[in-house]
Amino acid sequence: MGRLLRTGLNAGTEAPQVVGGEGVHFHLSDGRKVLDGSNTGGPLGHGHPRMAEALREAAGLPMVSEGWSWRGRDKAAEELFDVALKGEKHWAGAVRFCLSGSEGNDIALSLSQALTGRKAIATRERAYHGLVGLSRDVTVQPHWHGGLAAPNGGTKIPPPGAKVHVLPAPEGATYLSATEAARRLPPLDERLAGAAEKLRDSAAVIIDYTQGGYYHDGAYQDAVAGIARREGCLWIADEVVTGVGRSGRPFAFQGGDTRPDIVTLGKGLGGGMVSVAAIVVSKDVAAELDGKSWQNYGTLRGHPMAMAAVSAYLGIVRDEGLLDRVKALEGLYARRLTEIAARHPSVSRVAGQGLHWTIELHGPDWRNWLADTPEAPIASRVAGHALGAGAVIGTSGEQVSLFLAPPLIISEAESERLLSILDDSLFLADREHNATMEGAH
């Protein structure tokens, strides 16, 4: 055992050793160069020259804590509104920077409790919002419990800090197998019939746009937001993964008519170079904060290096037309993944938007998975095959769920290679699926 505590998704597994990277590729210690196909924190790939130059210039800046003013922080805030929130200024009020998406969600949820005087919070099924404070409470994927998972089943889970209401999830799939298609979901209004009672005592309902392979359409968002408004519950758009590029538009919530009380950002906001996140509050929430001291402080929040990274990333998104690029590639991924899924009996469903796609396999129910079994899950083994073939494909730690989230700078040819490696790797899952089906008969 080395001095560094491992943070792998599954107990007992080893990860490849990364020694460098360039563009859309990782460089590994064994000399291989592999495609980075699943990295929500690296929207510009690796070593983007403009990002590198911005951080070289920022290296000489002073350390300025969150409690002190810094012109670079003001500049990053204005640029976030000018680039990412262009067309949204009729409701967006102000931004506060923080260190990570988990922290941002925790701060947003605790602010909601303070504003409403309510303790309970709500989310939707199969959600992930982080592993810090209240963000862990509303992470309802069971394997992301924040405790200890052991391969002998001796899992230890910390108790929750707040009561959490769970709403039914949307569907929004691009492809469904015949088995999945036969399980017809009730209409949206029927599925959300009990939502009003749950939101009546909730400080906020927080919804994200990718986790668990659920990608919201406007109808679902607007329905939940409407119920929240009527019941005096704030609603938070968790755009930690999707904000400023990944969804093919500035924000995934722009697919609906409603606008949130609070938006959280993270992951790619620092261009993959610096850990940084942000909380955008509406004008109504900003008015509530006016004249008050928000007693939530972080020494390194809004650090000058992080602000330089945010400014550089926003400039690159604007100048290189990355949103249009992602939107154009979205059609390629939708078409090719539908073709691939139809070819593989192991695939249960495919869903996605922009450059974030989930490929879910037939297998055990995700509700029972604690990442505590000695054998590697089928998704991990498919990902292992893909790595051997030259591409990193993610699993989110689930047994049967794979995801693609390549850098936003990926080319069409590189995308085709990534999808081809996925296609080939899925034959491993097909063999197991077919054997299971034969055994059942």
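**Exercise 1. A salt bridge between helices**

Is aspartate 319 buried, partly exposed or exposed, and at what relative accessibility? Then describe its pairing with arginine 50.

*Solution.* Start with the ground rules. This is a predicted model, in which local features need pLDDT of at least 70, side-chain atom pairs count only at pLDDT 80 or more, and totals for chains, interfaces and linings use all residues. Residues are numbered from 1 along each chain as its sequence is written, and side-chain values use heavy atoms, with hydrogens and water left out.

Step 1. Set the classes. Buried means under 20% relative accessible area, exposed means over 50%, and partly exposed lies in between (1.4 Å probe, protein chains only).

Step 2. Classify. Aspartate 319 has 45% relative accessibility, so it counts as partly exposed. Arginine 50, at 35%, is partly exposed too.

Step 3. Check the pair. A salt bridge needs a side-chain nitrogen of Lys or Arg within 4 Å of a carboxyl oxygen of Asp or Glu. Arginine 50 and aspartate 319 meet this with N to O at 2.8 Å.

Step 4. Helices (H or I, at least four residues) and strands (E, at least two) are DSSP runs, numbered from the N terminus. Arginine 50 sits in helix H1 (residues 49-58) and aspartate 319 in helix H10, so the bridge ties together parts that are 269 residues apart in sequence.

**Exercise 2. Further salt bridges**

How many salt bridges does a search of the whole structure find? Work through the pairs of arginine 96 and arginine 367, then name a network.

*Solution.* Step 1. The search returns 26 salt bridges.

Step 1. Arginine 96 meets glutamate 66 through their side chains, at 2.8 Å from N to O. Arginine 96 is in strand E4, while glutamate 66 is in the loop between H1 and helix H2 (71-84), 30 residues apart. Both arginine 96 and glutamate 66 are buried.

Step 2. Arginine 367 bridges to aspartate 365, with the closest N and O atoms 2.9 Å apart. Arginine 367 is partly exposed at 43%. Aspartate 365 is partly exposed at 35%.

Step 3. Salt bridges also link Arg126, Glu171, Arg349, Glu360 and Glu398 in a network.

**Exercise 3. The strand E13**

What is the strand order of the open sheet of 4 strands? Trace the pairings of E13 and the cover on its faces.

*Solution.* Step 1. The order is E7-E12-E13-E15, with antiparallel pairing. Two strands pair if DSSP finds at least two bridges between them. The edges are strand E7 (175-176) and strand E15 (401-404), each pairing on one side only.

Step 1. Strand E12 (residues 347-353) pairs antiparallel with E13 over 6 bridges. Here arginine 349 stands opposite glutamate 360. Their hairpin has 2 residues between the strands, and glycine 354 takes a positive phi near 55° there.

Step 2. Strand E13 (residues 356-361) also pairs antiparallel with E15, over 4 bridges. Isoleucine 359 has leucine 402 as its bridge partner. Glutamate 360 stands opposite serine 401.

Step 3. Now the faces. In a regular strand the side chains alternate between the two faces of the sheet. His356, Thr358 and Glu360 are buried on one side of E13, and Trp357, Ile359 and Leu361 on the other. In total, 6 of the 6 residues of E13 are buried, so the strand is largely enclosed by the rest of the structure.

**Exercise 4. Cores**

Which residues touch the most other members of the largest nonpolar core?

*Solution.* Step 1. A nonpolar core is a set of buried Ala, Val, Leu, Ile, Met, Phe, Trp, Tyr and Cys residues joined through side-chain atoms within 4.5 Å.

Step 1. The core has 86 residues, and those touching the most other members are Val205, Trp235, Tyr333, Leu337, Leu361, Leu402 and Leu404. Helix H10 (residues 304-319) gives the largest share, 9 residues.

Step 2. A separate core has 19 residues, including Leu134 and Ile279.

**Exercise 5. Positive phi**

Where do lysine 267 and alanine 371 lie, and what is the phi of each?

*Solution.* Step 1. Most residues other than glycine have a negative phi.

Step 1. Lysine 267 has a positive phi near 45°. It lies in the loop between strand E10 (262-265) and strand E11 (277-282), and is partly exposed at 36%.

Step 2. Alanine 371 has a positive phi near 60°. It lies in the loop between E13 and helix H12 (378-389), and is buried at 4%.
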